[in-house]
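Colleague: I am new to this structure and would like to learn how to read it. Could we take a few features in turn?

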Amino acid sequence: MTEELQEQSTANETPEEMPDEELLYDLADLFKIFSDTTRIKILYALMGRELSVSDIAEATETSQSAVSHQLRILKQSRLVKFRRDGRNINYSLADDHVYTMLNQGMSHICE
């Protein structure tokens, strides 16, 4: 979420003005990323830890090919980051915002 949008609205306030159309478009795109169960599984597998593609595939019971494809989408959306360790690549959540979005979403549906 951009600083502009954060300034316009906090958890208990309504924005005074509608955010710019481009910001709304970007926000809608971000939420589209969360519309795939495999991507959600990958994000949950990465909560609080760093994993390789094979470890993610095992944790999510998904093929390595499918995991690699979804990781590419998650990287492009800046939801995951990677770190090279020699020949290995390890993935983790990009930042605490991703963790918060997952927790808030789960809290919302469990109410």
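Modeller: Start with E61, which counts as exposed because its relative accessibility is 75%, where exposed means over 50%. Keep in mind that this is a predicted model.

Colleague: Where is E61 found?

Modeller: E61 lies in the loop between α4 and α5.

Colleague: What should I look for in the backbone there?

Modeller: The general idea is that most residues other than glycine have a negative phi. E61 is not a glycine, yet its phi is positive, about 55 degrees. R78 is another residue other than glycine with a positive phi, in this case near 60 degrees. The loop between α5 and β1 holds R78.

Colleague: Is R78 buried or exposed?

Modeller: R78 counts as exposed, because its relative accessibility is 68%.

Colleague: What is the pattern of the protein along the sequence?

Modeller: The pattern reads α-α-α-α-α-β-β-α, which comes to six helices and two strands. The protein has 111 residues, and 29% of them count as buried. Among contacts with a separation of 6 or more, 46% are between residues 24 or more positions apart.

Colleague: What is found at the start of α3?

Modeller: There, a side-chain oxygen of D36 comes to within 3.0 Å of the backbone nitrogen of T38.

Colleague: How is a pair of packed helices described?

Modeller: Two packed helices are described by the angle between their axes and the distance between the axes. For α3 and α5, the axes come within 10 Å and cross at roughly 80 degrees. That angle makes α3 roughly perpendicular to α5, since 65 to 115 degrees counts as roughly perpendicular.

Colleague: Which residues of α3 and α5 meet?

Modeller: From α3 they are T38, R39, I42 and L43, and from α5 they are V67, Q70, L71, I73 and L74. By type, the residues of this contact are six nonpolar, two polar and one charged.

Note on methods: Residues numbered from 1 in each chain as written. Predicted model: local features only at pLDDT ≥ 70, side-chain atom pairs only at ≥ 80, totals over all residues. Heavy atoms only, no water. Polar contact = N/O pair within 3.5 Å; in protein donor to acceptor, adjacent residues only side chain to side chain. Helix = DSSP H or I, 4+ residues; strand = E, 2+ residues; numbered from the N terminus. Axes fitted to C-alpha atoms, helices over the stretch in contact; angles between N-to-C directions. Parallel < 35°, antiparallel > 145°, perpendicular 65-115°, else oblique. Contact = heavy atoms within 4.5 Å. Nonpolar A, V, L, I, M, F, W, Y, C, P; charged D, E, K, R; others polar. Buried < 20%, exposed > 50% of the residue type's maximum accessible area, 1.4 Å probe, protein only.
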